[in-house]
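Here are my notes for a first look at this model. Please keep the sequence and the structure open while you read.

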Amino acid sequence: MSDVDTKELDRLLQEAFDTATKLYKERGFQRRVGFGKRPALVSVDLANAWTRPGNPFTCDQEKMDNEIIPGMQKLLTAFRAAGLPVIHVTTAYEITDRNADFTDMGLWHNKIPVDVVDIKDTELWAIDSRIAPVEGEYTLLKKRASSFHGTELAGILRANNVDTILVTGVTACACVRQTVCDGIADGFRTIAVKECIGDRVPGAVAWNLFDIDAKFGDVHTVDECVAYIDSLAAQKIAAE
């Protein structure tokens, strides 16, 4: 889409958001879930197949390079300084034959090009080197859209006494959204980090963040999330 088309789409979406906001508030939606006492960062699919150019899964590169990765670097710095849990999530498949009788992704292979995230090509599903995991952080491999579905994520969070998850990554309309929805359904305070969520399709991020904020979690900026992490550190020092 051209720049003109994108701007027009943003304008039309904002008009829709304004109308929907009025309707939601009249019906009791858009309440706040709020930050809790112990957060974890859950970074969804910020692996090379999504963050770098040239793959069918590649997301908006301008946003990736100028907003998502720099935003993630700020969040990681804050989480690491505070000693808080960080979980990097990625996706890859062992059975990529669409005609196979048995698969490791249900029937999803009939909808998306799973062959381009073959588990044999570790570089494709490796977390982007600009935000690579460090010692003490966990990398989780998922097979579905949600980072919770069929994985150990909920158990890891509960074992670490986490009550709040800050969710980042791609894509807004699928894996991020499903992770947020499952997160709040499992009892975690869900926070979508605005600048750190991307997609392939124009308008998808804006619409999904609006809808998430109305029904499934709170949307906050990177700076607001970093301030929250810093406040926890200040509270800890004061308590000591």
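Predicted model: local features only at pLDDT ≥ 70, side-chain atom pairs only at ≥ 80, totals over all residues.

1. Which residues of β1 are buried on one side, and which on the other? On one side they are Pro39, Leu41 and Ser43. On the other they are Ala40, Val42 and Val44.

2. Next, the pairings of β1. With β4, β1 runs parallel and is joined by six bridges. Look for Val44 opposite Gly169 of β4. With β2, the link is made by four bridges, again with parallel strands. There, Leu41 faces Val86.

3. Then step across to β4 and β5. Strand β4 covers residues 164-170, and β5 covers residues 189-198. The two run parallel and share six bridges. Val170 in this pairing stands opposite Gly198 of β5.

4. A cis peptide bond joins Val170 to Thr171, with omega at about -5°. Thr171 belongs to the loop between β4 and α6.

5. What lies beyond that loop? Just after the helix, Gly187 has a positive phi of about 95°.

6. How do α3 and α8 pack? Two packed helices are described by the angle between their axes and the distance between the axes. For α3 (residues 61-82) and α8 (residues 222-239), the angle is about 5° and the axes are 10 Å apart. So α3 is roughly parallel to α8.

7. The residues behind that helix contact can be listed. From α3 come Gly71, Lys74, Leu75, Ala78, Phe79 and Ala82. From α8 come Val222, Asp223, Cys225, Val226 and Ile229. Eight of the contact residues are nonpolar, one is polar and two are charged.

8. How many disulfides does the structure hold? The count is zero. A disulfide is a covalent bond between the sulfur atoms of two cysteines. For Cys181, the nearest cysteine sulfur is that of Cys173, 12 Å away. Cys181 counts as buried because its relative accessibility is 16%, under the 20% cut-off. For Cys196, the nearest cysteine sulfur belongs to Cys225 and is 8.1 Å away. Cys196 is also buried, at 0% relative accessibility.

9. Two backbone angles are worth checking. Gln30 is not a glycine, yet its phi is positive, at about 65°. The residue is placed in the loop between α1 (3-26) and β1. Asn161 is not a glycine either, and its phi is positive at about 60°. Asn161 is found in the loop between α5 (153-159) and β4.

10. Is Gln30 buried or exposed? Gln30 is buried, because its relative accessible area is 15%. The cut-off for buried is under 20%. Asn161 has a relative accessible area of 60%, so Asn161 counts as exposed. The cut-off for exposed is over 50%.

Key
Residues numbered from 1 in each chain as written. Heavy atoms only, no water. Axes fitted to C-alpha atoms, helices over the stretch in contact; angles between N-to-C directions. Parallel < 35°, antiparallel > 145°, perpendicular 65-115°, else oblique. Contact = heavy atoms within 4.5 Å. Nonpolar A, V, L, I, M, F, W, Y, C, P; charged D, E, K, R; others polar. Pairing = 2+ DSSP bridges. Disulfide = S-S within 2.5 Å. Buried < 20%, exposed > 50% of the residue type's maximum accessible area, 1.4 Å probe, protein only.
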